[in-house]
Amino acid sequence: MLMIPSVLPTYSRAPLHFVKGEGTWLVEEDGRRFLDLGSGIAVNALGHAHPALVAALTAQAQNLWHVSNLYEIPQQQALADKLVAESFADTVFFTNSGTESCELAVKMARKYWYDKGQPEKTDIIAFAGSFHGRSSAGIAAAGSEKMTKGFGPLLPGFKHLPWGDHEALDAAIDDNTAAILIEPVQGEGGIRPLPDQCMQGLRKLCDEKGVLLVLDEVQCGIGRTGRLFAHEWAGIAPDIMMVAKGIGGGFPLGAVLATEEAASGMTAGTHGSTYGGNPLGCAVGCAVMDHVTDPAFLDGVNRKAGLLRQKLEGLVAAHPDIFEEVRGMGLMLGLKCKIAPADLVKAGYEALVITVPAADNVVRLLPPLTITEDEIGEAIARLDTAASALATPASSSV
Ligand SMILES: Cc1ncc(COP(=O)(O)O)c(C=O)c1O
């Protein structure tokens, strides 16, 4: 008799069966309503079943689902134009996921130097605690044993440095370095923002040493930190940037954005994707962009982020045996725990609030950017219930 489940068992799943999503809420098949502070890991940027996204998807679905990239795709052109207008980028390639964006970012960086007559520049410097997806380039880039063990031989040409060690970085760059690849805010690594001055220092170092700066904004991009892209806070621009998750609002969509110079090696025939930039995904992506680029929307994200953070500080102060600190940017926040984060996530399920564990003993809070102030109050009440359930009898609640 076969023991393996019909779905390949690569995930340890919580026994929850959500059947409907409405804004910040997920409805379980038994009728329980969970407050969603996870957004499918920073995906549902506009919440669940946002009317504008439903309208964009259904209108497109009634006309045309798919055409090949052998032909012009107007929705793709429209979304690329929006991304170019709102960012450092001059050009965009559409993918279906973050890890595919990583694949292209690596190819693009290497091809750039190859075409410049410096084919020895192939190394990509990445950082401990990073996450860039589960493709061969993604796991080689992150380099952690957890992801790479048993999957060798790994794609060569990646160097891994400790997070935040400026001297190690300076010393690691040599004649073979093609690019530095970094998340402005590490997500899976435990909500670790790169300070603005480090980001500025990175840009300067790349310029001085002739290295491309590749940012992975798959998790922290698309309004999550209160700016369209997280690197904007530091006032710098990358050469290449990976995007996914929030840009599709729940529809599988990713992108690589680049300057004309950095993209110069990617000529006809050098890359492709059957589904990348498909009309359905791009129609939804356009609707996401129209909302997220509205300055009033981003002001709202920043205001709500301030409120959530302030209330989380109160929660941390009320449960010193459970929490160590709040960290992060915008609506990409982490509760560093003194207990196992999985225990808090589980207690959250009991209290009907969804959170996401991360490395470094952190529980992530990545609510839809559309969360309301009332829902923030409710989130804190539910997190307080979860923390109280785990607390020793002597500890207090908010
Ligand atoms: C920063 C970052 N990069 C890349 C990825 C990979 O994205 P995907 O799962 O869509 O392949 C993720 C996913 O969590 C991510 O957080």
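Tutor: Start with the record. This is a predicted model. The unreviewed UniProt entry gives "binding site" for Gly98, Thr99, Phe131, Asp216, Glu217, Val218, Gln219 and Thr274. They spread over 177 residues of sequence, and in space up to 25.0 Å between C-alpha atoms.

Student: Which other residues does UniProt list for "binding site"?

Tutor: Arg134 and Ser273, again from the unreviewed entry.

Student: Why is Phe131 called buried?

Tutor: The cut-off is 20 or more other C-beta atoms within 10 Å. Phe131 has 24, so it is buried. Its place is the loop between strand 5 and helix 5.

Student: What does Phe131 touch, beyond residues up to four places away in sequence?

Tutor: Ala142, Gly187, Glu188 and Gly189.

Student: What makes Val218 buried?

Tutor: The test is the count within 10 Å, with 20 as the threshold. Val218 has 28 other C-beta atoms in that range, so it is buried. Val218 sits in the loop between strand 10 (212-216) and strand 11 (240-243). Leaving aside neighbours within four places in sequence, its contacts are Gly98, Ser101, Met242, Val243, Ala244 and Lys245.

Student: Is Arg134 buried, exposed or partly exposed, and how do you know?

Tutor: Exposed needs 12 or fewer, buried needs 20 or more. Arg134 has 15 other C-beta atoms within 10 Å, so it is partly exposed. Arg134 lies in the loop between strand 5 (123-127) and helix 5 (136-142). Apart from neighbours within four places in sequence, it contacts Thr99 and Ile139.

Student: How do you know which class Ser273 falls in?

Tutor: Ser273 has 16 C-beta neighbours inside 10 Å. Partly exposed is the range between the exposed limit of 12 and the buried limit of 20, so Ser273 counts as partly exposed. Look for Ser273 in the loop between strand 12 (254-258) and helix 9 (279-292). Its contacts, leaving aside neighbours within four places in sequence, are Thr95, Asn96 and Glu100.

Student: Now the ligand. How many residues surround it, and which are the closest?

Tutor: 15 residues surround the ligand. The closest are Ser97, Gly98, Thr99, Gly133 and Val218. By class, the shell has five nonpolar, seven polar and three charged residues.

Student: Which element gives the largest share of that shell?

Tutor: Helix 4 (residues 98-115), with three residues.

Student: What makes the span of helix 3 close to expected?

Tutor: Helix 3 (residues 74-85) has 12 residues. The expected span is 1.5 Å times one less than the number of residues. That gives 16 Å, and helix 3 reaches 16 Å from its first C-alpha to its last.

Student: Which residues of helix 3 are buried?

Tutor: Gln75, Gln76, Leu79, Ala80 and Leu83. Seen down the axis, the buried residues of helix 3 fall within an arc of 130 degrees, so they line one face. An α-helix has 3.6 residues a turn, so residues three or four places apart point the same way.

Student: What does that face of helix 3 pack against, and what is on the other side?

Tutor: The buried residues pack against helix 2 (51-63), strand 4 (91-95), strand 12 and helix 9. On the other side, Pro74 and Ala85 are exposed.

Student: Why is Gln60 called buried?

Tutor: Gln60 has 20 C-beta neighbours inside 10 Å. The rule says 20 or more, so Gln60 counts as buried. Gln60 is in helix 2. Gln60 and Pro279 are 219 residues apart in sequence, yet 7.2 Å apart in space, C-alpha to C-alpha. Setting aside neighbours within four places in sequence, Gln60 contacts Gln75, Pro279, Leu280 and Ala283.

Student: Last, the backbone. Which residues have a positive phi although not a glycine?

Tutor: Ala49, with a phi of about 55 degrees, and Asp360, with about 60 degrees. Ala49 lies in the loop between helix 1 (39-42) and helix 2. Asp360 is in the loop between strand 16 (356-358) and strand 17 (362-365).

Student: What joins Gly152 and Pro153?

Tutor: A cis peptide bond, with omega about -5 degrees. Pro153 is in the loop between helix 6 (145-148) and strand 6 (158-161).

Terms used. Residues numbered from 1 in each chain as written. Predicted model: local features only at pLDDT ≥ 70, side-chain atom pairs only at ≥ 80, totals over all residues. Near = placed C-beta within 6 Å. Helix = DSSP H or I, 4+ residues; strand = E, 2+ residues; numbered from the N terminus. Nonpolar A, V, L, I, M, F, W, Y, C, P; charged D, E, K, R; others polar. UniProt positions renumbered as here; feature names shortened; annotations may be inferred. Contact = placed C-beta atoms within 7 Å. Arc of directions from axis to C-beta.
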